[in-house]
Amino acid sequence: MAQLAILKRDQSRINQEQLIQQEKKNMKNPMYEIASLLLEKLLLLSNFKILQTGSMEEEEKKKKHVCCYDSSYFRPGDLLEVPRTLFIHFGIYLGDNQVAHLMPDILPAFTNDGKLIQKVVTNKRLILGVITKMARIRVDTVEDFAYGGSILVNSMDTFFKNCILCNDKVVHRAKRLVGTTEYSLLWNNCEHFVTFCRYGSPVSFQTTKVNYHCPNIL
């Protein structure tokens with residue numbers, strides 16, 4: 001039985017290493033990079049109509065999305081997922097109703113005012129952040145992070161069974177990375193951030209799936 005458990009553990013580690021190696025190969029694949037650029041365009045187009053609206057309307061929308069979440073179900077270090085329009089948004093629960101997450105954001109390029117930057121990222125700020133490839137790893141409440149969406153917890157653990165870091169280390173990594181960063185759908189998105197924090201390897205299954213399922217996207 002012990003030998004069988006060791007074999008299973010070794011096979012799981014091999015599968016994980018193969019997945020990470022495949023991710024690295026994909027990063028060097030020009031077709032994969034083009035696919036990521038197309039996805040960025042889709043993200044911009046999906047939010048284009050929002051650019052036509054005024055700030056008052058956007059604030060009203062935000063108020064309608066506010067929901068109540070019981071954070072007692074979350075543990076510090078948990079990986080949280082929220083479905084968005086085209087992608088899933090990811091964050092790391094820090095405790096005390098706080099979530100660290102990476103979001104495209106243009107505003108830090110123009111101001112160091114922490115109070116202004118900390119306001120919930122509007123769609124205009126997000127879209128301009130995608131265009132300019134600027135982002136910020138920020139800390140928000142669970143409500144602001146989820147923005148009305150349902151939250152899934154630790155669903156990726158099945159892929160990284162033997163690589164889950166201890167909760168304190170996950171939280172420490174997430175807090176240490178808070179601040180301005182570059183944004184790339186291919187190399188540095190919200191999923192890369194959380195997988196690095198919780199599993200030690202920056203991986204994005206969302207962008208990998210596009211390459212697997214749409215190899216002839218052009």
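**Exercise 1.** In this predicted model, determine what kind of contact the side chains of D105 and R125 make, and where in the chain the two residues lie.

*Solution.* Step 1: the N to O distance between the two side chains is 2.7 Å. Step 2: a salt bridge requires a Lys or Arg side-chain nitrogen within 4 Å of a carboxyl oxygen of Asp or Glu, so D105 and R125 form a salt bridge. Step 3: D105 sits in the loop between β3 (98-104) and α4 (114-118), whereas R125 belongs to helix α5 (residues 123-132). The two residues are 20 residues apart, and the pair joins distant parts of the chain.

**Exercise 2.** Decide whether D105 and R125 are buried or exposed.

*Solution.* Step 1: the cut-off for a buried residue is under 20% relative accessible area. Step 2: D105 has a relative accessibility of 1% and is therefore buried. Step 3: R125, at 11%, is likewise classed as buried.

**Exercise 3.** Describe the contact between D140 and R138, and the burial of each residue.

*Solution.* Step 1: the side chains of D140 and R138 form a salt bridge, with an N to O distance of 2.6 Å. Step 2: the relative accessible area of D140 is 5%, so D140 is buried. Step 3: R138 is also buried, at 2% relative accessibility.

**Exercise 4.** Characterise the pair R198 and D157, and state how many salt bridges are counted.

*Solution.* Step 1: R198 and D157 form a salt bridge in which the closest N and O atoms are 2.9 Å apart. Step 2: this pair links distant parts of the chain, with R198 in helix α8 (residues 190-199) and D157 in the loop between β5 (152-153) and α7 (167-176), 41 residues apart. Step 3: both R198 and D157 are buried. Step 4: the count comes to three salt bridges.

Technical notes: Residues numbered from 1 in each chain as written. Predicted model: local features only at pLDDT ≥ 70, side-chain atom pairs only at ≥ 80, totals over all residues. Heavy atoms only, no water. Helix = DSSP H or I, 4+ residues; strand = E, 2+ residues; numbered from the N terminus. Buried < 20%, exposed > 50% of the residue type's maximum accessible area, 1.4 Å probe, protein only.
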